[in-house]
Amino acid sequence: MASTTTTVHGAGPFAGSRSFISRLRESDEIVRLITFLFAASVVLVTILLVYELWIGSALPRHKFGFHFFVTSVWDPIFDQFGALPFIYGTLVTAGVALFLAVPLGIGAAIFLAELAPATVSDTLEFFIDLLAAVPSVIYGLLGVFIVIPMMREYIQPALKKSLGFLPLFQGPAYGVGFLTAGIVLAIMVIPYIISVSREVLLSVPRDQREAALGLGSTRWESTWKVVVPFARTGIMGSIFLALARALGETMAVTMVVGNTPTISASLFAPGYSIAAVIANEFTEATGDLYLQSLIELGLVLFLLTFILNGLARLLIVATSQRGSGIQT
Amino acid sequence: MTARLRWRKFVSGFMLTMTGICAIVAVAVLFFILGYLVYHGGASISWNFFTKLPAPVGESGGGMANAIVGSAKLLLLAALIGVPIGFLGAIYLAEFSGSTVAFVVRYAADLLNGVPSIVIGIFAYSLAVLPFKHFSTLAGGLALGVMMIPITLRSTEEFLRAVPRALREGAMALGASKSKTIATVIVPAAYRGILTAILLAFARVAGETAPLLFTAFGSRFWSPGWNQPTASLPVMIFTYAIAPYEDWHRQAWAAGLVLLGLILVINILARAILSRGIAVPRS
């Protein structure tokens with residue numbers, strides 16, 4: 001190979017350049033192939049993930065079928081596995097989290113996008129991004145040592161006194177439970193709601209605001225009746241994104257939810273979540289059926305977040321395209 | 001009419017103030033977390049924390065040296081998996097691929113990015129723990145590496161795409177091959193963004209706990225090898241925080257401070273690299 005090159009170089013510019021170019025093409029092809037393999041491996045890993053979850057949960061899928069989702073007995077000794085308490089706990093904690101996080105997150109996003117000067121907005125957004133980077137185990141740590149005592153001593157008794165007639169706020173105040181997990185989750189997902197909603201609100205064309213103001217609306221009216229409706233689908237997307245996060249969140253929930261597989265109307269009651277039961281019992285799972293039931297829970301979690309993330313992305317893309325031109 | 005106008009103005013002012021309060025509350029949480037960690041963790045952090053093994057149960061003292069080394073090993077493995085796949089895959093997406101392949105790869109990456117970390121843990125468990133019948137550092141690194149792939153891939157691709165067309169065309173016009181253009185023009189032009197992407201992915205997985213619980217597992221001693229379980233900082237924080245010992249709680253706070261400090265520093269550094277002058281004003 002080396003000898004051919006030298007002779008070609010000697011042979012003259014035209015002959016040389018032709019083989020030189022074809023050699024370059026070859027190296028391009030090699031680079032193309034190598035990078036393709038790496039890109040394809042991403043797809044491969046994803047397919048493998050789904051495959052492993054599906055194969056790994058074959059036993060309980062065949063044995064329990066749909067009953068897995070609607071029965072609430074979780075008894076490793078008698079090999080009875082029903083996921084209902086975990087599904088319930090996951091949905092309730094995520095629901096509480098969204099109930100608290102959505103108004104706060106959207107409010108903050110409106111402030112950052114509509115009101116704050118660019119420098120203030122960017123600085124606050126920087127802090128919000130840092131907040132999103134705090135690992136969940138740190139939230140769990142603060143949950144264990146700050147939120148739980150605070151709930152037990154102050155918030156739960158106060159709620160009981162004022163809203164105790166509702167079934168939601170009854171029963172003993174343990175500190176741990178659905179409500180506590182929901183609050184910690186809310187704190188964790190607020191940054192996601194703020195970041196995405198802010199971005200979406202910023203992509204709303206300027207003339208929409210100016211038209212509303214020109215018609216005599218106040219600043220708030222132009223924001224609430226024109227800008228926010230314009231960005232509605234994107235904001236919904238940010239909420240779905242936050243919901244997916246909240247459903248899949250493991251550590252913080254495990255540390256504060258109480259880890260008791262019960263279904264209770266009261267938010268004060270200790271509960272469990274899908275991710276938490278996997279985290280707690282996976283290493284101790286004896287027997288194939290037990291382990292595979294946990295893997296099936298993982299599959300459920302995967303499917304839930306898969307659907308939500310897909311919806312979220314669709315909504316966000318739809319909004320940014322409507323306000324195209326300003327979107328980064 | 002004026003009363004109505006006054007009311008509308010009042011509502012406007014009131015609601016806008018409320019949004020400001022929302023923003024302040026959201027940001028205040030960060031400072032609260034930082035303050036609390038510094039307050040509690042700072043008091044219990046010591047030289048021993050970095051150099052000693054965990055003390056036997058019931059004795060006070062000791063440190064988390066093995067967990068710090070364990071985390072470093074796990075992150076190294078994660079980077080070995082996540083960075084090449086993410087980086088080279090992104091080059092394919094941005095420079096070579098047709099739209100169908102790009103769509104599929106991007107879709108897979110987004111899907112992977114949204115998978116809850118505990119499910120990634122199950123995946124690494126079935127791939128690297130179940131066949132060998134024991135927990136290992138390698139399995140933990142695999143789990144974290146898989147998590148790094150989509151983050152690195154997607155943001156690297158975006159930075160590569162942001163390189164102006166004129167630069168590519170200039171290089172091509174000078175007769176450079178495509179691979180030469182990528183290596184000497186496009187990647188250098190985007191290196192700052194790529195470095196940021198990798199650092200952010202690194203920071204993201206550094207704090208991950210859930211996928212390590214049943215891959216790298218945990219240990220109270222030095223890990224004897226790459227195919228043996230190892231301690232890691234996030235898992236140590238978890239086990240120490242839910243344990244009933246006062247001394248362990250103090251150590252958990254210290255570990256939390258170290259971990260969060262590391263992650264925030266990487267984050268700030270990454271952003272500083274990307275946008276010199278905003279995050280670190282040079283005097």
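User: What area is buried between chain B and chain A, and what part of it do carbon and sulfur atoms give?

Analyst: Some ground rules come with it: this is a predicted model, where local features need pLDDT of at least 70, side-chain atom pairs count only at pLDDT 80 or more, and totals for chains, interfaces and linings use all residues. Residues are numbered from 1 along each chain as its sequence is written, chains are lettered from A and ligands numbered from 1 in the order in which they are written, and side-chain values use heavy atoms, with hydrogens and water left out. Buried area is the accessible area (1.4 Å probe) that two parts lose on being put together, summed over both. For chain B and chain A that comes to about 6700 Å², with 82% from carbon and sulfur atoms.

User: How many residues of each chain are in contact?

Analyst: Contact means heavy atoms within 4.5 Å. Here, 78 residues of chain B touch 74 residues of chain A.

User: How many salt bridges does the rule find across the interface?

Analyst: The rule asks for a side-chain nitrogen of Lys or Arg within 4 Å of a carboxyl oxygen of Asp or Glu. It finds three between chain B and chain A. One of them pairs R8(B) with E221(A), with 2.8 Å between the closest N and O atoms.

User: Which residues is R8(B) in contact with, beyond its neighbours within four places in sequence?

Analyst: Those are G216(A), S217(A), T218(A) and E221(A).
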